[in-house]
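Trainee: I'm new to this one. Can you walk me through how to read its pockets, cavities and helix packing?

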Amino acid sequence: MFEKALQGDRRYWAWIIFLLAVMGVGSIFYILQLVNGLTVTGMSRDVSWGFYIAQFTYMVGVAASAVMLVLPFYLHNAKQFSRMVILGEFMAIAAVIVCLGFIVVDLGQPQRLLNVVLHPTPNSILFWDMIVLNGYLLLNIIIGWSNLSAEHKRLPHPKWVKPLVYLSIVWAVSIHTVTAFLYQGLPGRHYWLTAILAARFLSSAFCSGPAILLILAMIAKKVAKYDPGEKAVQTLATIITYAMLINVFFFLLEVFTAFYSDIPGHTHTLIYLFSGAHGASSLVGWMWVMSVCAILSLVLLVPHQFRKKPELLVPGLVLLIAATWIDKGLGLVVGGFIPNPFDTITEYAPTIPELMISVMIYATGLLVLTVLWKVAIGVKKETGTA
């Protein structure tokens with residue numbers, strides 16, 4: 001089946017070459033980081049996690065979101081997702097690869113990954129994060145490729161894959177729960193010290209990930225003439241809307257708890273994020289943009305008559321992605337370090353090398369996604385299921 005990835009028109013190969021070029025430019029900055037260390041980033045003693053870990057956190061949610069298709073399709077026989085479920089599984093593979101990429105660059109020296117393998121410490125959340133991420137990657141590769149191969153041979157899906165599908169549903173929830181535990185295990189960071197953090201992670205994942213998938217599926221419909229089906233689009237849009245409502249509700253619960261209890265450790269971060277503190281206000285503009293995007297996305301997504309119109313659905317999804325990315329891919333990580341345990345503020349901003357290395361990793365993920373989707377769409381068209 002892989003030979004289908006080697007067949008394409010000029011636009012396809014131009015896109016592949018563009019991604020490879022971006023990866024090449026980003027690799028130059030990564031070599032710069034390898035030579036000079038993490039001093040080329042904006043991280044410091046007080047802000048030891050930055051843009052890399054923020055993107056890792058966000059993309060774990062994107063990977064976990066495949067369950068929003070897998071669960072209804074395999075457990076509830078939702079046939080409307082028959083054309084889209086393989087796209088979700090393959091997007092999860094690309095997303096996990098992006099996650100692993102951000103972990104590698106954040107470690108500074110990639111050989112440090114061997115410490116987790118050679119010296120396993122089951123009492124460490126990072127050890128379990130490695131287990132669940134790699135396990136989820138393997139599960140999606142086996143499930144997605146096996147089912148697609150069966151379709152290519154015009155055979156029913158293998159029965160032995162079904163238990164792996166059930167396992168992947170639980171596993172999808174586990175990868176983002178364990179990611180939340182990485183933050184919750186740091187009692188000196190009050191912004192992360194909340195029992196609802198894992199629930200917030202999952203709710204944002206189950207709206208942002210499917211939103212990204214839906215936009216990419218619409219692009220595939222236009223570029224590759226692969227129609228996921230109007231019923232599938234509308235069903236997924238409804239799921240996205242309810243997940244976003246829950247996500248916003250959970251965020252407001254955090255705000256209420258912080259200010260009603262008036263515990264300084266919980267209020268300081270929110271004050272810094274939305275109004276600044278002691279002259280530091282680099283994220284204030286971002287957080288208000290996040291708030292506006294979240295509200296506008298719900299305005300466009302909640303009314304059913306709006307969701308049915310592509311000219312309103314697409315902007316609603318874009319606004320949702322922007323809101324969740326600013327909240328989880330920027331504000332959550334950076335905000336958690338302010339104030340530090342000494343009650344002082346050290347602001348953080350990603351440097352050009354950080355941003356270019358991040359672009360390189362995203363380009364790698366897009367390359368993997370492009371190749372996998374090219375194979376999947378090719379098989380679907382060949383078997384007449386597209």
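**Pockets, cavities and a helix pair**

Mentor: Let's start with the largest pocket: 18 residues line it, and Tyr12, Trp15, Val223, Ala224 and Thr370 lie nearest its centre. On a 1 Å grid over the protein atoms alone, a pocket is an open set of points with protein on both sides within 12 Å along at least five of seven lines, a cavity is a set where a 1.4 Å probe fits but cannot get out, and lining residues have an atom within 4 Å of a point. Keep in mind that this is a predicted model, where local features need pLDDT of at least 70 and side-chain atom pairs count only at pLDDT 80 or more, while totals for chains, interfaces and linings use all residues. Residues are numbered from 1 along each chain as its sequence is written, and side-chain values use heavy atoms, with hydrogens and water left out.

Trainee: Which helix gives the largest share of the lining of the largest pocket?

Mentor: Helices are DSSP runs (H or I, at least four residues), numbered from the N terminus. Helix H14 (352-382) gives the largest share, 8 residues. Helix H1 (10-36) and helix H8 (197-223) each supply at least two. The pocket holds about 680 Å³ of space, a volume being the space filled by probe spheres set on the grid points, which are joined across faces, edges and corners.

Trainee: How many cavities of 30 Å³ or more are there?

Mentor: There are 3. The largest cavity has about 50 Å³ of space, and its lining is Arg200, Phe201, Ser204, Asn247, Asp327, Lys328 and Leu332.

Trainee: At what angle do H2 and H7 pack?

Mentor: Axes are lines fitted to C-alpha atoms, for helices over the stretch in contact, and angles run from 0 to 180 degrees between N-to-C directions. Helix H2 (residues 51-64) packs against helix H7 (residues 161-184) at about 155°, with the axes 8 Å apart. That makes H2 roughly antiparallel to H7 (the term covers angles over 145 degrees).

Trainee: Which residues of H2 and H7 meet?

Mentor: Contact means heavy atoms within 4.5 Å. On the H2 side, Ile53, Phe56 and Val60 are among the residues involved, and the H7 side includes Ala172, Ile175 and Leu182.

How values were computed. Parallel < 35°, antiparallel > 145°, perpendicular 65-115°, else oblique.
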